[in-house]
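Subject: A structure for you, with notes

Dear colleague,

I am passing on a structure that I have been working through, and I would be glad if you could read it alongside the notes. Please keep the picture open while you read.

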Amino acid sequence: MSAPSRHRVWPWILAILGTICLLPVVIVATHIGLSSEARVLRDELKTATGSTWSTRVQLSSGPLLIPAARAVVSFCNVDEDARSALAAVRSASVGVYEIDEAGDSPGLGAGLASLDARLGRNGWERLITVIDNKENVVVYTKAGGNWDSKVRVCIGVVTGRELVVVSATVRPEALMPLIDKHLQQAKHRL
Amino acid sequence: MNNRIKLLTVATLAVAFAIPGFAAKDPGQVDFGTMPSAAGRQFVEVNLQPNLISLAAKIVSKQEPQVAELLRNIKHVRVNVVGLDDTNRGTVDQKMQAVRADLESRGWSPVVTVRDEGGENVNVHIKTGENDVIQGLVVTVIGNDNEAVFVNIVGEINPDQIAEIANRFDIEPLKKIRIEQGE
């Protein structure tokens with residue numbers, strides 16, 4: 001009678017061992033890739049510049065990094081503003097790329113329509129666009145939803161030699177005390 | 001019959017989306033369409049949606065309640081700044097004339113018109129609703145600094161708040177105007 005129950009235990013043990021082995025792979029995979037919107041932004045900006053780029057940094061907060069950073073910061077002597085800012089971030093995805101070979105494309109302006117179309121399919125709207133000789137910035141936000149509890153932004157910056165993409169989910173109410181404090185300070189200075 | 005209705009609906013929608021401004025939902029909202037940028041010239045586009053404006057109102061409500069009140073009445077802000085050169089000057093100029101003509105054909109009132117010798121060309125149009133409340137405001141400028149500016153502010157704006165808006169959003173032509181209620 002005891003043999004069948006021993007057989008039934010083995011699949012569970014194998015499943016637990018498999019999960020333990022796969023977990024680091026999943027964690028690493030979620031932390032080195034970019035979020036889908038940041039990936040679209042990066043690819044479109046690369047195409048629009050017509051240049052070739054090499055990756056310097058590429059990471060995502062995943063399910064562990066931000067809480068871990070918060071935990072570490074809580075034990076360190078870190079500036080209160082940085083602590084508040086970190087408390088507001090729920091997830092983030094960052095990519096930094098360096099130019100290998102400059103292209104001769106007509107510029108970012110020509111790529112905006114394609115970028116709008118691709119991100120727009122998933123409900124992203126372009127909020128701010130700045131294109132000039134030195135620095136190009138595009139900021140997208142996820143349309144709709146309750147902005148009091150969650151704001152999703154996706155930012156792309158192209159300077160002469162660098163391309164940076166950031167996608168983040170932020171809790172605005174956690175930022176309120178920080179903004180409030182700085183508004184008060186600015187008012188006093190005036 | 002059903003096919004005709006479908007065809008008519010599709011055609012109506014197609015025309016609606018093809019005409020600048022017509023597709024906009026709010027009476028004060030104007031769609032400037034796509035702006036042609038010039039290589040090497042500045043291009044700025046800001047498109048503030050209601051959720052962001054209400055968030056901003058919430059942020060400043062403690063420190064500056066008057067500004068928060070003003071922001072609460074604003075639904076949408078769009079700003080376009082387009083650097084001009086020979087490749088896009090004609091197109092942008094035509095677009096600006098088309099926007100102004102379209103506004104006037106749809107009952108918007110020109111409240112400021114400036115043409116100076118230096119080449120500056122400024123127009124401010126407003127759309128008023130019941131009780132003289134301004135539902136929309138459009139500022140179009142071709143400056144003598146090779147720059148064209150298009151601004152559209154949508155919301156229920158009290159004429160007394162125009163100066164505050166001009167200062168907050170730093171819109172120079174608006175700083176000069178004063179709209180009397182009942183006009």
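The model is a predicted one, in which local features need pLDDT of at least 70 and side-chain atom pairs count only at pLDDT 80 or more, while totals for chains, interfaces and linings use all residues. Residues are numbered from 1 along each chain as its sequence is written, and chains are lettered from A and ligands numbered from 1 in the order in which they are written.

**Where the chains meet**

Between the chains, 21 residues of chain A are in contact with 17 residues of chain B, where contact means that the C-beta atoms of two residues, placed from the backbone, lie within 7 Å. On the chain A side, the elements that give two or more residues are β3 (124-131) and α6 (172-189); helices here are DSSP runs of H or I with at least four residues, strands are runs of E with at least two, and both are numbered from the N terminus. That side of chain A has 11 nonpolar, five polar and five charged residues, with Ala, Val, Leu, Ile, Met, Phe, Trp, Tyr, Cys and Pro counted as nonpolar, Asp, Glu, Lys and Arg as charged, and the others, Gly among them, as polar. Strand β3(A) is also joined by four bridges to strand β1 (residues 43-48) of chain B, and these two strands run antiparallel; strands are said to pair if DSSP finds at least two bridges between them. Within this pairing, I128(A) has V46(B) in β1(B) as its bridge partner.

**Chain A**

In chain A, strand β2 (residues 89-101) is joined by nine bridges to strand β6 (residues 162-170), the two running antiparallel, and V89(A) stands opposite V170(A) in β6(A). Strand β6(A) also has eight bridges to β5(A), again antiparallel, with C154(A) and S167(A) as one pair of bridge partners, and a hairpin of three residues joins β5(A) to β6(A).

V157(A) lies in strand β5 (residues 151-158) of chain A. Leaving aside neighbours within four places in sequence, V157(A) is in contact with E135(A), V137(A) and V164(A).

Helix α2 (residues 36-49) of chain A has 14 residues and should therefore span 20 Å at 1.5 Å a residue, which agrees with the 20 Å between its end C-alpha atoms; the expected span is 1.5 Å times one less than the number of residues. The buried residues of α2(A), among them V40(A), L41(A) and L45(A), pack against β2, α5 (108-120), β3, β5 and β6 of chain A. After α2(A) comes G50(A), whose phi is positive, near 70°.

**Chain B**

The secondary structure of chain B comes to six helices and six strands, and buried residues make up 31% of its 183 residues. Of the contacts in chain B with a separation of 6 or more, 57% are between residues 24 or more positions apart.

An α-helix has 3.6 residues a turn, so residues three or four places apart point the same way. Just after α4(B), G107(B) takes a positive phi of about 85°.

S109(B) lies in strand β3 (residues 109-115) of chain B and counts as partly exposed, with 14 C-beta neighbours inside 10 Å.

Conventions
A residue is buried if 20 or more other C-beta atoms lie within 10 Å of its own, exposed if 12 or fewer, and partly exposed in between; C-beta atoms are placed from the backbone.
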